[in-house]
Amino acid sequence: MKRAAAARAALAVVAVAVAGPGVARAGSAHVDYMLECQGCHLADGSGSPGAVPDLRASLPTLVRTAEGRGYLVRVPGSASSPLSDAELAAVLNWMVASFAGDAAGPGFEPFSAAEVASYRRVPLLRVEALRTRLLGAAEVEDVY
Ligand code: HEC
């Protein structure tokens, strides 16, 4: 029993070290991206043909309109993530800078926590239909 308790205590220390605020929430958008998004979108945003879109191809178009910005927030991977509105805004800004770069255009306004909050409360039920309307059918084929 004593040994089990000691093992549990040791495990708790490890768990705190791994999941503690210093590691899991370092305030770094890149770390949040790695933890919450990269599993599907990959380190370079290229995704997976036929399953996860190539963000390098889609973001430059999607960031240019208010409806497109709303889509980026409301898409399930974004909206349903455990990130706070401020953290999600930071991750989206990091993604645009990293994967769209100059293609986002000089007028790109960073997402704010308030903008994310306003879009996030509106569920997006027909993801593919909105995506197709925003990108156009040809581009959707290219991206996936
Ligand atoms: C389980 C896999 C998965 C995870 C994890 C995931 N996504 Fe996605 N993401 C997708 C898929 C698939 C799409 C295409 C739209 C759809 O079907 O939801 C997508 C689309 C997007 C888009 C719109 C780009 C486009 O071309 O349609 C954004 C922005 C996005 N995800 C952000 C995120 C963020 C931010 C996270 C992490 C907080 C995240 N995703 C986590 C699978 C994922």
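**Stop 1: helix 6**

Start with helix 6, whose buried residues pack against helix 5, helix 7, helix 8, helix 9 (113-120) and helix 10. Here, packing is about contacts, and two residues are in contact if their C-beta atoms, placed from the backbone, lie within 7 Å. Now select residues 66-74, which make up helix 6, and colour the buried ones: R69, G70, Y71, L72, V73 and R74. "Buried" has a cut-off: 20 or more other C-beta atoms (placed from the backbone) lie within 10 Å of the residue's own, while exposed is 12 or fewer and partly exposed is in between.

Before moving on, note that this is a predicted model: local features need pLDDT of at least 70 and side-chain atom pairs count only at pLDDT 80 or more, while totals for chains, interfaces and linings use all residues. Residues are numbered from 1 along each chain as its sequence is written.

**Stop 2: zoom out**

How many helices and strands does the protein have? There are eleven helices and zero strands. Both are DSSP runs numbered from the N terminus, helices being H or I with at least four residues and strands being E with at least two. Of the protein's 144 residues, 24% count as buried. Take the contacts between residues at least 6 apart in sequence: 67% of them join residues at least 24 apart.

**Stop 3: a crossing**

Select helix 3 (residues 29-36) and helix 8 (residues 85-100), whose axes come within 8 Å and cross at roughly 95°. The axes are lines fitted to C-alpha atoms, for helices over the stretch in contact, and the angles run from 0 to 180 degrees between N-to-C directions. The two helices are therefore roughly perpendicular to each other; that label covers 65 to 115 degrees, with under 35 being roughly parallel, over 145 roughly antiparallel and the rest oblique. Show the side chains that make the contact: A29, H30, D32 and Y33 from helix 3, and E87, A90, V91, N93, W94 and M95 from helix 8.

**Stop 4: helix 5**

Next, pick L55, S58, L59 and L62, which are buried in helix 5. Why are they on the same side of helix 5? Because they cover an arc of only 105° around the axis. The arc is that of the directions from the helix axis to the C-beta atoms. An α-helix has 3.6 residues a turn, so residues three or four places apart point the same way.

Stay in helix 5 and click R56. R56 is partly exposed, with 18 other C-beta atoms within 10 Å.

**Stop 5**

Click L42, in the loop between helix 4 and helix 5. Its phi is positive, about 65°, although L42 is not a glycine. L42 is partly exposed, with 14 other C-beta atoms within 10 Å.

**Stop 6: around the ligand**

Finally, select the 20 residues around the ligand; C37, C40, S58, G77 and S81 come nearest. A residue counts as near if its C-beta atom, placed from the backbone, lies within 6 Å of the molecule or strand in question. Helix 4 (38-41), helix 5 (55-62), helix 7 (76-79) and helix 10 (127-135) each give two or more residues to this shell.
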